[in-house]
Amino acid sequence: MVEVLNKSEHLAPYRPSPILVPCVIVGLLVFSILDLIYIPAGIIGMYGAGVFNGGVRDQDLVDLSILIRALSALGQLGMFFILTTLFSVLIYRCAKNARTLGFTGFTHSPGMTVGWFYIPFAHLIMPYIAIAEIWQSSKATVEPGIFPEWLDMKIGPLLGAWWATWIFGTLINNTASRMSRSQYLEAIGMSIIPFAAALQVASAFLCIVVVYRLTQRQHQQALALSPQNGEHECPT
């Protein structure tokens, strides 16, 4: 279903994000650091589970690995709520800005672009589809009163790479954590943890690039439509 916009949405002012964008980027960097801690923790756990020493178990190393991962997970839990809030506000604003810039034909409202993240199972693919629309519009060249068929713009590999690494990194990490708590699958779970952490770190850095490029492009579109409004501060 194609969204129908009312006049007020087109007349709403463009809102840059000079503070919000850096906050999201810093949050992603902190989250990445906490993810990186999982890599040595996983290696220590592999030693403890006997992966590297002929199957001889060292419970002290296993306990150390669990402690490191628990502390990292505690930090990530706090960052998760902060980062989720900041990212949701930013994506909502980008969705609103796309409409302010004059683009029409979206199939997901700004509210649902964010809302899909919180709906079980749908959150695996629908947020990507909704954000892809905003991403496509940000790549279009705007002209006062005349807009190209922006839905024909190519999405490109960056957005898909970000989403794939986030989804698979999260799924593999959850699977590895459950396996590492099993007596029979502990060694396998410990071996997978560093790989899952690497995927999540890659996802965070790709997300930083996506956020930067999306907001940068929208800001340039706004300047192209209103070159006299030089007072808009660059959101980066």
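Reply: Happy to! One definition to start: the expected span of a helix is 1.5 Å times one less than its number of residues. Please keep in mind that this is a predicted model.

Me: How far apart are the end C-alpha atoms of helix α8?
Reply: Helix α8 covers residues 186-225, which makes 40 residues. At 1.5 Å a residue they should span 58 Å, and the model agrees, because the end C-alpha atoms are apart by 58 Å.

Me: At which residue does α8 have a kink?
Reply: The kink in α8 is about 25°. It comes shortly before the proline Pro 194, at Ile 193.

Me: And helix α4, what does it reach from its first C-alpha to its last?
Reply: Helix α4 runs over residues 59-100, 42 residues in total.

Me: Which residue caps the N-terminal end of α4?
Reply: Look at the backbone nitrogen of Asp 60: a side-chain oxygen lies 3.1 Å from it. That oxygen belongs to the capping residue, Asp 58.

Me: Are α2 and α3 roughly parallel or roughly antiparallel?
Reply: The axes of α2 (residues 20-36) and α3 (residues 38-48) come within 5 Å and cross at roughly 10°. Angles under 35 degrees count as roughly parallel. The two helices are therefore roughly parallel.

Me: Which residues of α3 make the contact with α2?
Reply: From α2 come Leu 34, Asp 35 and Leu 36. By class, the contact has five nonpolar, no polar and one charged residues. On the α3 side are Tyr 38, Ile 39 and Pro 40.

Notes. Residues numbered from 1 in each chain as written. Predicted model: local features only at pLDDT ≥ 70, side-chain atom pairs only at ≥ 80, totals over all residues. Heavy atoms only, no water. Axes fitted to C-alpha atoms, helices over the stretch in contact; angles between N-to-C directions. Helix = DSSP H or I, 4+ residues; strand = E, 2+ residues; numbered from the N terminus. Parallel < 35°, antiparallel > 145°, perpendicular 65-115°, else oblique. Contact = heavy atoms within 4.5 Å. Nonpolar A, V, L, I, M, F, W, Y, C, P; charged D, E, K, R; others polar. Polar contact = N/O pair within 3.5 Å; in protein donor to acceptor, adjacent residues only side chain to side chain. Bend = angle between axes of the 7 residues up to and from the residue.
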